[in-house]
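Trainee: I would like to learn how to read a protein model from its fold down to a single side chain. Where do we begin?

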Amino acid sequence: MPLITKPVLDRSILRSRQPPKIDFPFGQYAPVVTSNLSNISNPFQGEQILKKCFLFDSNKFVILKNMAMKDGTIKTCSDFTALTAFVWRARSKALQMNPDQTTQLLFMVDVRSKLNPPLPKGYFSNEIVISTCLGRSGELIKNPLSFAVEEVQNGIKMVNEEFVRSWIDCFEEMRAKDVPLLSHFIVSSWIRLPTECADFGWGELT
């Protein structure tokens with residue numbers, strides 16, 4: 001069968017500038033070294049760590065978003081921002097972080113529509129950058145959920161073309177550096193990745 005969308009393989013579209021030009025504060029869009037006030041590198045020695053999966057259906061998302069908007073600080077929020085902020089806050093509390101512990105949230109942002117002109121349809125690559133939020137554990141836990149949600153929303157809003165270009169240049173410079181992710185929390189959303197519809201020739205995935 002003929003291809004409906006022709007793949008575009010031009011890697012030069014997203015290559016770094018020469019010389020690199022980084023116009024955003026480093027810590028806003030790359031992992032930063034944070035102090036380890038809470039001994040996060042080896043928490044709960046000798047304690048059993050439980051691993052569980054939590055299902056958030058549409059009803060739970062309604063409850064969660066109502067919690068986030070209850071104090072009127074924010075007027076709207078997406079499923080992603082509400083859940084990410086909720087888990088970021090809960091994780092800080094569960095790890096019993098020092099109130100002055102800096103914690104960094106990292107999450108991926110799709111940049112297909114952030115560039116001018118936009119990336120061509122069928123561009124064959126991972127068109128994502130990492131955006132981040134920095135905060136103190138005490139502020140996350142003490143403040144209402146809307147505080148963390150607004151931080152996530154601001155982290156998404158600041159991703160524009162200059163941000164993307166600076167991030168690419170920054171990544172080119174720091175790719176060989178090893179940043180210890182002690183108090184970092186990384187979120188990856190697969191909400192828009194419809195793997196359940198994929199068919200590789202042996203039928204639908206189950």
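This is a predicted model: local features need pLDDT of at least 70, side-chain atom pairs count only at pLDDT 80 or more; totals for chains, interfaces and linings use all residues.

Trainee: How many helices and strands does the secondary structure come to?

Mentor: Start by listing the elements. The protein has five helices and three strands, and from the N terminus their order is α-α-β-β-α-α-α-β.

Trainee: What share of the residues is buried?

Mentor: Of the 206 residues, 33% are buried. The accessible surface is about 13,800 Å², with 57% of that belonging to carbon and sulfur atoms. Contacts are the next thing to read: taking those between residues at least 6 apart in sequence, 80% join residues at least 24 apart.

Trainee: Which residues of helix H4 are buried, and what covers them?

Mentor: Check the helix itself, then its cover. H4 spans residues 145-157 and reaches 19 Å from its first C-alpha to its last, close to the expected 18 Å. Its buried residues are Leu 145, Ser 146, Ala 148, Val 149, Val 152, Gln 153 and Gly 155. The cover includes helices H1, H2 and H3 and strands E1 and E2.

Trainee: What lies 2.9 Å from a polar atom of the Arg 165 side chain?

Mentor: That is the backbone oxygen of Ile 13. Beyond its neighbours within four places in sequence, Arg 165 also contacts residues including Leu 14, Arg 15, Arg 17 and Leu 115.

Terms used. Residues are numbered from 1 along each chain as its sequence is written. Side-chain values use heavy atoms; hydrogens and water are left out. Helices (H or I, at least four residues) and strands (E, at least two) are DSSP runs, numbered from the N terminus. Buried means under 20% relative accessible area, exposed over 50%, partly exposed in between (1.4 Å probe, protein chains only). Contact means heavy atoms within 4.5 Å. Accessible areas come from the Shrake-Rupley method with a 1.4 Å probe; for residues, only the protein chains shown count as cover. The expected span of a helix is 1.5 Å times one less than its number of residues. A polar contact is a pair of N or O atoms within 3.5 Å; within protein, one must be able to donate a hydrogen and the other to accept it, and residues adjacent in sequence count only if both atoms are side-chain atoms.
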